[in-house]
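Dear colleague,

Please find below the structure that I am handing over to you, followed by an account of what was found in it. I would be grateful if you would read the two side by side.

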Amino acid sequence: MGLTNSTRRKLSLLIITAILCIFFGFIFLWYTERITTISRFKLNCPKRNSADDRALESDSIDNPGDDILDFDPDECSVNHGKWMFNSSIKPLYTDRTCPYIDKQYSCIKNGRNDSYYLHWEWKPDDCILPRFDPEVALRKLQGKRLMFVGDSLQRNQWISFICLVESVIPKDKKSMKRGRIHSVFKAKEYDATIEFYWAPFLVESNTDIPIKSDPKQRIIKVDSISQRAKNWLGADILVFNTYVWWMSGLKTKALWGEFENGEEGYEELETAVSYRVALRTWANWIDSTIDPSKTKVFFTTMSPSHQKNKEWGNVNGIRCFNETRPVTKKGHWGTGSNKEMMNVVASVMRRMKVPVTVLNVTQLSEYRIDAHTSIYGELQGKLLTDEQRADPLHFADCIHWCLPGVPDTWNQLLFAYL
């Protein structure tokens with residue numbers, strides 16, 4: 001018995017409808033998958049692995065609850081975060097294993113008997129800061145000159161960087177040549193150098209060498225830099241800082257031009273004004289001399305001092321002496337970091353033609369009242385005597401940092417940006 005024409009038409013319509021549904025279903029699935037794939041390329045998707053989870057579960061000042069994004073220099077604000085304690089973390093070196101640490105920074109070797117300060121990690125709020133990998137760092141420096149330029153805190157960072165990488169270099173493949181102004185560490189098999197150039201004001205002064213211990217005798221040539229800067233030419237990576245030497249008083253003695261008439265002809269200026277003029281001199285030299293396709297420039301912000309224990313609530317303390325934990329108050333900022341000077345740095349950088357990457361270490365370092373050399377450092381090249389150690393009010397060093405310590409984190413930031 002055959003199908004009627006009406007039945008055939010209905011059956012054909014059902015078949016066509018089914019085919020169209022299947023066809024459009026495939027189109028929809030293909031389009032959805034396509035959009036998902038595109039999204040993966042365009043979005044910074046939150047990522048977390050088991051190692052990160054374990055680290056985040058360790059004891060911390062604050063317990064973050066949100067997902068953390070992978071490190072992206074353009075997206076990550078490294079100065080917003082927290083110090084987290086992780087007892088499983090061990091420094092890549094000690095002041096006994098690294099032969100290049102100055103006695104000034106060798107706190108454990110000099111008698112500090114607590115090591116709690118060695119196990120804090122800086123965790124930015126919105127990204128994961130990559131761990132310092134010495135072999136990767138050396139490969140990034142292959143055939144290059146990395147030069148730190150600045151004051152004793154920049155030397156603190158320079159020695160930290162050397163100690164972070166030197167253990168993976170064979171003994172006969174590395175060397176150190178120290179000078180009063182210019183020191184050079186060579187990683188021979190990588191054809192790389194890690195250098196330090198002493199220039200506490202960046203611009204020239206009458207106190208670079210020899211150092212005038214009385215700040216009232218220091219005169220800064222705020223518009224002169226060429227005699228120093230000619231030694232920075234040829235470096236592939238330049239890391240600058242200048243701050244602590246400016247903070248000896250409300251005013252500084254500034255001189256324009258050369259010392260043609262001895263040390264006369266200077267004028268006293270507000271420190272922030274002299275600082276701005278000097279930074280503009282430095283910035284003009286960078287813009288007129290540095291080729292950004294060949295040389296990458298960094299600027300490390302001010303390293304805070306911790307002189308006033310009442311600022312972090314320890315009314316019975318003595319400056320940074322005997323502090324064993326970071327400050328827990330979010331956004332803590334003491335008088336050891338001058339915001340006016342910080343704003344000068346920002347305003348000068350904004351006007352520069354050559355891009356400068358700012359290593360903003362100030363806020364993260366502000367919390368670390370526990371990590372200074374305190375009574376375990378040097379005074380004028382000599383370790384403190386027992387009598388001096390018994391008087392931390394006058395002899396504790398609350399400016400420089402123990403190594404290993406906080407400067408390792410500064411270099412972790414530098415490593416992430418390289």
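Leaving aside residues up to four places away in sequence, Ile 286 touches Phe 240, Val 297, Met 352 and Val 354. Please note that the model is a predicted one. Ile 286 is found in helix 6, and its relative accessibility is 0%, so Ile 286 counts as buried, the cut-off being under 20%. The C-alpha atom of Ile 286 is separated by 8.6 Å from that of Lys 353, although these two residues lie 67 residues apart along the chain.

Helix 6 also packs against another helix. Two packed helices are described by the angle between their axes and the distance between the axes. For helix 6 (residues 271-289) and helix 7 (residues 339-350), the axes come within 10 Å and cross at roughly 25°. Because angles under 35 degrees count as roughly parallel, helix 6 is roughly parallel to helix 7. Their crossing is right-handed. On the side of helix 6, the contact is made by Thr 271, Ala 272, Tyr 275, Arg 276, Leu 279, Arg 280, Trp 282 and Ala 283. Helix 7 contributes Glu 340, Met 341, Val 344, Val 345, Ser 347, Val 348 and Met 349. By class, the residues of this contact divide into 10 nonpolar, two polar and three charged.

A second pair of helices has another geometry to report. Helix 4 (residues 152-166) and helix 11 pack with their axes 9 Å apart, at an angle of about 75°. Since the range from 65 to 115 degrees counts as roughly perpendicular, helix 4 is roughly perpendicular to helix 11. The residues of helix 4 in this contact are Leu 153, Asn 156, Gln 157, Ser 160, Phe 161 and Leu 164. Those of helix 11 are Pro 407, Asp 408, Trp 410, Asn 411 and Leu 414. The contact has six nonpolar, four polar and one charged residues.

How many residues of helix 11 are buried? The count is 12 of the 12, so helix 11 is largely enclosed by the rest of the structure. Among the buried residues are Val 406, Thr 409, Gln 412, Phe 415 and Tyr 417. As to its length, helix 11 (residues 406-417) should span 16 Å at 1.5 Å a residue, and its end C-alpha atoms are 18 Å apart, which agrees.

With kind regards

Methods: Residues numbered from 1 in each chain as written. Predicted model: local features only at pLDDT ≥ 70, side-chain atom pairs only at ≥ 80, totals over all residues. Heavy atoms only, no water. Axes fitted to C-alpha atoms, helices over the stretch in contact; angles between N-to-C directions. Helix = DSSP H or I, 4+ residues; strand = E, 2+ residues; numbered from the N terminus. Parallel < 35°, antiparallel > 145°, perpendicular 65-115°, else oblique. Left-handed = near helix turned anticlockwise from the far one by under 90°. Contact = heavy atoms within 4.5 Å. Nonpolar A, V, L, I, M, F, W, Y, C, P; charged D, E, K, R; others polar. Expected span 1.5 Å × (residues − 1). Buried < 20%, exposed > 50% of the residue type's maximum accessible area, 1.4 Å probe, protein only.
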